[in-house]
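Take a look at the sequence and the structure below.

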Amino acid sequence: MDVSFQAHTATKKVRSDSASVKMLGIPLFVFATAFASLSIIIGLIWDISWHTSIGRDGLLSPPHLGMYLGAIVSGLFSGYQVLKTSFWGSKEVKQRSVRFWGIFSGSLGALFCIWGCFAMLTSAPFDDWWHNTYGLDVTILSPPHTVLLLGMMMVQFGAMISVLAMQNQTIPAGLSALQENKRNRLLRTIYVITSGFFLVMLYTMASEFQSRHDMHGGTFYIVGGLLYPFFLSAIARSSKLKWAATATAGVYMLVLMLLAWMLPLFPAEPLLGPILNDITHYQAFDFPLLLIIPAIAIDMIMQRKEENNKWLLALMIGPLFVLLLLAVQWPFGDFLMSPYARNWFFAQESWYFGSNPDWEYRYAYAPWMVSSGWPLIKSLLIAGGISILTTRLGLHWGGWMKKVMR
Amino acid sequence: MKYIINPVRLFILFLLVLSPAYAHVGSPGVIYEGEAGPYRIMVNVNPPDVIPGTATVQVYVTNGGVEQVLLKPIYWFSGADGAPKADEALPLAASPGQYEGLTWLMSNGTASIEVKVSGELGEGTALVPVMAMSTAQKEMDPALGWILGALGLFLVILMITIIGVSVSDAVVPPGDEKKKTGHRKTKGMVVAAAFLCLILYGGMSWWNNWAEDYRRYMYKPYQANTKVVTTDNGRKMIFEIDSAYKEYRQNYLPISYLIPDHGKLMHMFLVREGSLDAFAHLHPVRTDSLTFEVDLPPLPNGRYFVFGDIVRGNGFHETITDTMEIMGLELPVSLTTSDENDGWQPSDPDDTYIISNPVLPNQVQLAAGDIVVCGKPGIRTPLPDGSSAIWEHEGESFQANRLYPMTFSILDPDGEPAELEPYMGMMGHAVVMKHDGSVYIHLHPVGNYSSASQDLIKRRMEDDSRLVELPSADQFRDSVDQVVASIKAMSEEERNDYLMELMGHTYEEEENGEHAGHATVTFPYAFPEPGNYRIWIQMKRNGQVLNTAFDAVVE
């Protein structure tokens, strides 16, 4: 690697752009995409709360605007970055970018953000047509919503990749040792923050199978084993932070908890009938899963055994993740059903306005929600097996992310 | 001579707009004319053709200083307490007295719009029944299809590109441009393309499943089989509702739960196809939960449109359509309605029929004695009993989707306003049909909603339970059959008094109200689409039902 060449260009860049010095050589684009990721998450969780509390949807409802703001910010910053690099960028700048379609150059993160922005914008007329054709669906997963979710995920992933590329590149010269440390800390922190936002998105997509009523059923653990070990292993491997998976799970929990505490502070009234549950304030979205516990285990294993065979690592992390999820969420499910969880902190009194508040299983597991005996063991074995595969995949993906430099 | 032409109606003539959808046949808009407490109002509801969706509601208030008009959707399923807060209908600056607003209909089923008017005269409410059902399967507009297709293609190409560079350029340290990564890029792009094809295929299957599900739960009217059998007492029509439809409707209220409307379990209309020169309004009797029978009047041979209007126990008002052949002996066709001469003994005292001229001049005129010659708007038309009818309208043509006050005046043989009497609790009944049968609707002077639906929702609103419970189907059917039989057994005067009271007004009130003088009857209606229409009007004078018909061209 031509380190001197890189150092030279980076110094030139830093000296020529005083704003960059202030941000420790981290372009504004990285902060903008991280903001876009947060804006999308707030918009999404607010939108779910809006549907369970107010119900009446609209293309330009305030939560939708939050999501669109994320799309626009990431799209504009990324688009600008790609166009600037492609047509006005110096040779050196272009050499720090990926080239595509013969004429364009830009960072990989920007490309993901542009894709996400276009997908989100495509989903708007598609969703509008969908509502006019099949009715105003009250579901998270529908084809146009999936296009939107994929778009949002790509914007969020673009934010993660943008930070990673910075992290993986050589530190630009011209920074003092203190600044270098600060820069490293900042990049590592932004990376786990943007990863935490992404984890909120993953959870939200799967939330129809992850509510408190699902925590005693086998499907909960299969879905959990499919998603979280994959993502958390990838983060643990790609981040240079020691406790990356733990911090990511912590950010995920904090975001969901903050939203669960803040949204019910605002008044809301159902605007659609039939109304079976009279409410006066926003109903909170779910209390987060206690993913921080299995995440600690992932970090501990990764700290000690990262250099081991990746299949061996997956064999350790996968089943352990499912066991820890079971050990934590099963009793936590009981707790969430108990009167102790019916307070502002755990927000378990939240209830969709169209559901009967006197339903006998509002705070209890109905027989059909509980797996036991062989079916439970079978589900856990499946979850464990899937978890091994997804962990292996996550480690591979994390290995790739570790290498992204542009 | 005293013709009552409400200036409000004439005004609305040019204001209100409807669009096509369901309920009855091809004529979805719901029109209400009546009172909201001290206010006289006309309401025009244009329900959505996809549920959940929004209904457009137009309200015209003709008296009192109005301060606010509120609209609230109330479902029979969850009652008044389960309704959201009302939305305001805003005044239209260009049209004093007219208000317009949107109401959200979230679930399928029997709903209603509560219109609340407040102002100088105090507060008043009116309830307009609306049947909330998805009735349309929409196709994507080609322009939108191309735009979405192009965006989709762009997204696919961009994603293949991104994955290609992700595994090649992106992992090459900056400055190390000599490293050859072309084969990795190609491999990545091929894998990405294959993976995206799988995703797109999965997405397409998902979309198709979604559309299939939507079609499954879309509103489909009941199907029926109609046949004519000859008995010792003449010809009898048997109308059998297709039981196979019960299966798809398992989520809804079974057909056993029917309630009477205007005292009858079914209002059936027969119209001879093609010439539209034979028309009957009959009231079949239920023999079991799916079968209805009625004695046929002496109608000429031919193929007939059959329309059966029913109201289910949850207030859902719908029309079952079929066609039937009347074959065999040509019976003497000589009268416009039942009397001693034709020997027809109707199975219900309110059954009537009419023979008129065919719709097209080149069609053969039936050889009947008292043929009613169909009138045209604005032209005085003689009736068989010596009286005459006139449709108060200037010019002959109408615009589609515009609300018209179809006002008909009856003059006695001396040319004086006739004294009309109520017929089945109403001052008049009308049927509007497009020549090809694609539009059919049964109208009353109060609008085109079902009084039975309205009454049921009013009762539901008095009940403060959130969810409703019904008795068993057998119990329900038996008690309804008893009520219908007892109404049928009443004398005509008793029956009229009973039905008018049920609908919340009396004949005496009508004398002082809009129908004062009882010489005119107005049916508010908007033709949903252009074409040629025939309108049959049924009113009563001197104890005899006067059937007349008019032709109209809608542009």
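## Helix pairs in chain A

Helices α8(A) and α10(A) cross in a right-handed way. A crossing is right-handed if the near helix is turned clockwise from the far one by less than a right angle, and left-handed if anticlockwise. Helices here are DSSP runs of H or I with at least four residues, strands are runs of E with at least two, and both are numbered from the N terminus. Helix α8 covers residues 177-206 of chain A, helix α10 covers residues 244-262 of chain A, and they pack at an angle of about 60° with their axes 8 Å apart. That angle makes α8(A) oblique to α10(A). Angles under 35 degrees count as roughly parallel, over 145 as roughly antiparallel, 65 to 115 as roughly perpendicular, and the rest as oblique. Axes are lines fitted to C-alpha atoms, for helices over the stretch in contact, and angles between N-to-C directions run from 0 to 180 degrees. Contact means heavy atoms within 4.5 Å. Residues of α8(A) in this contact include V192(A), F197(A) and Y203(A), and those of α10(A) include A244(A), Y252(A) and L256(A). By class, the contact has 13 nonpolar, three polar and no charged residues. Ala, Val, Leu, Ile, Met, Phe, Trp, Tyr, Cys and Pro count as nonpolar, Asp, Glu, Lys and Arg as charged, and the others, Gly among them, as polar.

Now a second pair. Helix α9 (residues 218-238) of chain A packs against helix α13 (residues 373-403) of chain A at about 20°, with the axes 7 Å apart. So α9(A) is roughly parallel to α13(A). Their crossing is right-handed. This contact has 15 nonpolar, 12 polar and two charged residues.

## How the model is read

This is a predicted model: local features need pLDDT of at least 70, side-chain atom pairs count only at pLDDT 80 or more, and totals for chains, interfaces and linings use all residues. Residues are numbered from 1 along each chain as its sequence is written, chains are lettered from A and ligands numbered from 1 in the order in which they are written, and side-chain values use heavy atoms, with hydrogens and water left out.

## The sheet in chain B

Chain B has an open sheet of eight strands with antiparallel pairing, in the order β1-β2-β3-β6-β5-β4-β7-β8. Two strands pair if DSSP finds at least two bridges between them. Strands β1 (30-36) and β8 (122-132) of chain B are at the edges, each with a single partner strand, so one side of each has no neighbour in the sheet. The twist averages 25° from one strand to the next.

Six bridges link β2 (residues 39-46) and β3 (residues 53-61) of chain B. One partner pair is N44(B) with Q58(B) in β3(B). Three bridges join β4(B) to β5 (residues 87-91) of chain B, where L70(B) stands opposite E88(B). Strands β5(B) and β6(B) form a hairpin with six residues between them, and G97(B) in the turn has a positive phi of about 90°.

## Rings across the chains

Which kind of pair do F118(A) and F154(B) form? Ring centres must lie within 6.5 Å for Phe, Tyr and Trp (its six-membered ring) to pair; planes under 30 degrees apart count as stacked, over 60 as edge-to-face and the rest as tilted. The count is 57 aromatic pairs over all chains. F118(A) and F154(B) have ring centres 4.8 Å apart and planes at 65°, so the pair is edge-to-face. It runs from helix α6 of chain A to helix α2 of chain B.

## Two loops

I51(B) and P52(B) are joined by a cis peptide bond, with omega about 0°. P52(B) lies in the loop between β2 and β3 of chain B. A347(A) is not a glycine, yet has a positive phi of about 55°.
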